Amino acid sequence: MQNFRRPYLARSVSDFWRRWHISLSTWFRDYVYISLGGNRKGLPRQVFNLLLVFVLSGLWHGANWTFAIWGIYHGAIVAIETVLRACQVRLVPRNALGHMIKLLCAFVFVYIGWILFRANRIEDIEYILRHISDFSEGFAGLTDPFSAGLLPQRLEFFISFVLIGFLLVVDVVDEHAGINFHFARLPVLWRWIVYYLFLIAIYISLFYQATKQEFIYFQC
């Protein structure tokens, strides 16, 4: 099944979980949330079910308080969004500006959640959140961030910027136009040209990769 469907274009945290790790989210929905009664037993029970499901989802990732806090955090946000929808409360206008605000808010909430997810201890969470916007010790190196080691070398930075920008454009287009469907209708020659360009881009990315990091699930 399609397991990730452009999650960072989500317009809410609830929408994010309909796009992120879909196989896991679907399993928890079908076998835990619905088994607990889902949304069939009133709003208070639905909120409780959401919180419990997300706590269990956090503990599924590892037996650590940081994962439990991460689950509570996401569960609380999804529960608040559910209550607001049930009460028909609209916080932003239904236009392009409102759409951008929702994208930005979802992005910020999700990335704060990743701090909780990645931290090794609760003390790490507190430290990161207190210092995340403190540049008092780093301004000296910002005069030339490349030579100071704060950014990759210029060529690596340029390649990364181009590739990330390309992927972002593909995701945005696919979100609105279904690029996979249109790509499949291209002539075979053009499809294979694109395939080889992708292979070259992957090779360049691997060639300039500075360090090899273990997949995050194996680091727990």
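1. Where is the place of T82? T82 sits in helix α4. Bear in mind that this is a predicted model.

2. Is T82 buried or exposed? T82 counts as buried, because its relative accessibility is 9% and the cut-off for buried is under 20%. A polar atom of the T82 side chain lies 2.8 Å from the backbone oxygen of V78. Leaving out residues up to four places away in sequence, T82 touches L43, Q46 and L50.

3. Now the overall fold. The protein chain has nine helices and zero strands. Read from the N terminus, the order is α-α-α-α-α-α-α-α-α. Of its 220 residues, 29% count as buried. The accessible surface comes to about 15,700 Å². Carbon and sulfur atoms account for 68% of that surface.

4. On contact range: take the contacts between residues at least 6 apart in sequence. Of these, 54% join residues at least 24 apart.

5. Next, the core. The largest nonpolar core holds 23 residues. Which of them touch the most other members? They are F16, W17, W70, V78 and W114. Helices α1 (13–17), α2 (22–33), α3 (43–61), α4 (65–86) and α5 (96–118) each supply at least two residues of this core. The largest share, five residues, comes from α4. In soluble globular proteins, nonpolar side chains tend to be buried together.

6. W114 is itself among the core residues that touch the most other members.

7. Helix α5 comes next. Its end C-alpha atoms are 33 Å apart. That agrees with expectation, because 23 residues at 1.5 Å a residue should span 33 Å.

8. Which residues of α5 are buried? They are G98, L103, A106, V110, G113, W114, I115, L116 and F117.

Note on methods. Residues are numbered from 1 along each chain as its sequence is written. This is a predicted model: local features need pLDDT of at least 70, side-chain atom pairs count only at pLDDT 80 or more; totals for chains, interfaces and linings use all residues. Side-chain values use heavy atoms; hydrogens and water are left out. A nonpolar core is a set of buried Ala, Val, Leu, Ile, Met, Phe, Trp, Tyr and Cys residues joined through side-chain atoms within 4.5 Å. Buried means under 20% relative accessible area, exposed over 50%, partly exposed in between (1.4 Å probe, protein chains only). Helices (H or I, at least four residues) and strands (E, at least two) are DSSP runs, numbered from the N terminus. A polar contact is a pair of N or O atoms within 3.5 Å; within protein, one must be able to donate a hydrogen and the other to accept it, and residues adjacent in sequence count only if both atoms are side-chain atoms. Contact means heavy atoms within 4.5 Å. Accessible areas come from the Shrake-Rupley method with a 1.4 Å probe; for residues, only the protein chains shown count as cover. The expected span of a helix is 1.5 Å times one less than its number of residues.
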